[in-house]
Amino acid sequence: NCIHIQLRVMMHSLYVAAASSFLSPGSFAFFFCANHRSISNRNRPLTASSVLPLFNSEQKVVADLSTQQFSEDENDEEVEVVQIQRHESSKPLWMKCINAVVPPNVRALNEAVAIVANVTREEANELIDIGAVWAKMDLLNEDDVMSQYYEENPSSASIQYADLPSGWGSGEEAYNEEEMSLDEYVERQMSLRYRRILTPSTIDPGTDVRVYPRPRRFPACYEFADRSRLLYEDTTFIVVDKPPMLPTQPEPSNYEECCPGCVNTLLGPFKTIAGDDVVRPLICHRVDSCVGGCVVLSKDGNGQKVFSNLQRERKIKKLYLAVTTEPVPLGMHVHWMWGDLNARGTMGGTPCQFVSHTPPESRKKAKAWIRCVLEVVKCEPISISKSDKHNYDPGTKQHYQSTIRLVTGRKHQVRAQLASLGCPLIRDTLYEPIAGMTLDNLVDEYAEERMDEAMQQVRVPREAIGLQAHAILFAGVRAKARTPWWAE
């Protein structure tokens with residue numbers, strides 16, 4: 001959905017471009033984008049003939065070439081910036097980032113960010129602190145990485161990074177660099193691409209950086225100032241009542257306002273079993289941003305591994321409360337999700353999860369599908385009153401609250417399964433349009449057309465939906481969330 005041309009411009013490319021009267025020496029180009037996917041154009045000189053065809057009328061992209069003047073504080077040299085913007089009024093500002101190359105004679109990270117994002121030094125420091133600045137590692141060669149491995153007090157921004165490791169975790173990384181061998185360290189660093197920078201520091205000229213000048217903010221973060229949201233704590237685990245509309249993991253433009261960051265800032269500090277300060281709690285499982293309720297965090301990587309093993313062995317019990325305008329059938333419900341769509345972090349598929357009520361025909365075909373199981377243990381009518389706290393208008397419809405035991409934990413599982421039964425959750429704009437639609441019912445062109453039309457209506461919820469992770473039980477830990485938003 002976004003054409004994002006990342007042009008990694010080295011000095012020789014700049015002079016070639018200058019010769020083409022497109023850029024002047026010392027210039028650097030940066031581009032707005034809507035996501036991280038990029039089309040690499042690294043080895044071609046930056047000229048008008050090579051850039052402008054990428055912004056043609058068929059793709060409905062408007063190229064706005066404007067020249068801005070910036071002044072460096074130290075030597076007062078003027079830096080000419082050619083800016084190419086893609087105007088997308090439908091895209092929120094927090095989705096737009098700036099890809100740039102640190103210009104010559106710039107060493108301070110906040111100075112580079114200030115030039116790139118056209119902000120003050122103070123605003124640049126705020127962007128760095130919140131985690132809206134990234135840098136690329138591929139300018140480092142193996143010798144650079146090895147020198148960093150042996151450096152005791154590194155000051156370069158090249159290695160003062162913090163981001164999610166592969167797999168679980170959303171804060172302090174689960175690995176310990178001090179215990180890594182040299183070969184492991186080199187292999188890991190050389191495989192990295194863009195990494196988030198969290199410490200104001202120095203940066204080398206020519207480094208590729210990515211800046212989100214308008215970070216996405218989450219006011220729900222500050223509901224953790226209420227200490228009653230801390231449901232449980234021991235030497236290893238922390239269980240909190242996450243408010244709706246707060247992500248469990250960091251956004252690309254905001255590292256601090258997420259469940260681990262807010263818990264650490266507003267409910268901490270926490271101590272490990274050894275009495276050490278917890279730098280940042282680690283996420284043990286995910287809960288959708290629009291869903292509130294119990295979230296388990298660990299004080300160290302070992303707790304993460306223990307929780308993951310318990311989850312794999314089905315020794316964790318999770319209860320959800322769900323609100324619908326249709327009664328949900330009681331009993332066990334077994335559905336099937338297409339595996340590729342269920343993978344977290346994948347791009348290009350539908351934002352919602354479709355299920356099939358019919359099991360795969362053979363064991364071979366079953367490998368492409370994921371079994372989803374939940375049990376509806378109670379479904380009773382309730383009344384919801386208008387309230388300034390939630391702004392939900394129940395109208396004259398009858399509402400039903402269901403207690404659900406989650407047997408398997410899949411992406412959007414409760415939301416997708418209830419919608420497939422014709423009982424979508426209230427306010428769930430992602431699944432309400434496809435209520436009652438399943439993959440096994442695509443038997444003719446009419447059914448496919450109905451699904452296509454419904455898919456045009458799906459939207460990511462911007463309000464809390466009628467779902468709460470109500471309780472969780474594991475390894476002797478019992479935690480129950482507070483009153484859900486619809487009952488307040």
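Predicted model: local features only at pLDDT ≥ 70, side-chain atom pairs only at ≥ 80, totals over all residues.

Residues are numbered from 1 along each chain as its sequence is written, and side-chain values use heavy atoms, with hydrogens and water left out.

The secondary structure of the protein chain comes to 12 helices and 20 strands, where helices (H or I, at least four residues) and strands (E, at least two) are DSSP runs numbered from the N terminus. Of its 488 residues, 49% count as buried; buried means under 20% relative accessible area, exposed means over 50%, and partly exposed lies in between, with a 1.4 Å probe and protein chains only. Among contacts between residues at least 6 apart in sequence, 72% join residues at least 24 apart, a contact being heavy atoms within 4.5 Å. The accessible surface of the protein chain is about 24100 Å², and 48% of it belongs to carbon and sulfur atoms; these areas come from the Shrake-Rupley method with a 1.4 Å probe, and for residues only the protein chains shown count as cover.

Strand S6 (residues 97–101) gives a local view of burial: five of its five residues are buried, so the strand is largely enclosed by the rest of the structure. Cys97, Asn99 and Val101 point one way from S6, whereas Ile98 and Ala100 point the other way, and all are buried. S6 runs antiparallel to S9, to which four bridges join it, and two strands pair if DSSP finds at least two bridges between them. Within this pairing, Ile98 stands opposite Val211 in S9.

Turning to the aromatic side chains, a pair of rings is described by the distance of the centres and the angle of the planes. A search of the whole structure finds six aromatic pairs; rings of Phe, Tyr and Trp (its six-membered ring) pair if their centres lie within 6.5 Å, and planes under 30 degrees apart count as stacked, over 60 as edge-to-face and the rest as tilted. The rings of Phe237 and Phe474 have centres 5.2 Å apart and planes at 90°, so this pair is edge-to-face. Because Phe237 lies in strand S11 (residues 237–242) and Phe474 in strand S19 (residues 467–474), the pair ties together parts that are 237 residues apart in sequence. Phe237 is buried at a relative accessible area of 7%, and Phe474 is buried at 2%. Ring pairs also link Phe237, Phe307 and Phe474 into a cluster.

The rings of Tyr392 and Trp485 have centres 6.0 Å apart and planes at 80°, so this pair too is edge-to-face. Tyr392 lies in the loop between strand S17 (369–382) and strand S18 (399–406), and Trp485 in the segment after strand S20 (477–480), so the pair ties together parts that are 93 residues apart in sequence. Tyr392 is buried at 13% relative accessibility, and Trp485 is buried at 11%.

Arg427 lies over the face of Trp485, at 4.5 Å from the ring centre; a charge sits over a ring if NZ of Lys or CZ of Arg is within 6 Å of the ring centre and within 35 degrees of the ring normal. Elsewhere, the charged end of Arg280 sits over the ring of Tyr255, 3.9 Å from its centre.

Side chains of opposite charge can pair when their charged atoms come close. The structure holds 17 salt bridges, each a side-chain nitrogen of Lys or Arg within 4 Å of a carboxyl oxygen of Asp or Glu. In one of them, Arg427 pairs with Glu463, the closest N and O atoms being 3.6 Å apart. This pair links Arg427 in the loop between helix H11 (413–420) and helix H12 (445–455) with Glu463 in the loop between H12 and S19, 36 residues apart. Arg427 is buried at 13%, whereas Glu463 is partly exposed at 43%.

Glu257 forms a salt bridge with Arg217, the closest N and O atoms being 2.7 Å apart, and Glu257 is buried at 3%. Asp226 forms a salt bridge with Arg482, with the closest N and O atoms 2.9 Å apart. That pair links the loop between S9 and S10, which holds Asp226, with the segment after S20, which holds Arg482, 256 residues apart. Asp226 is partly exposed at 35%, and Arg482 is partly exposed at 27%.
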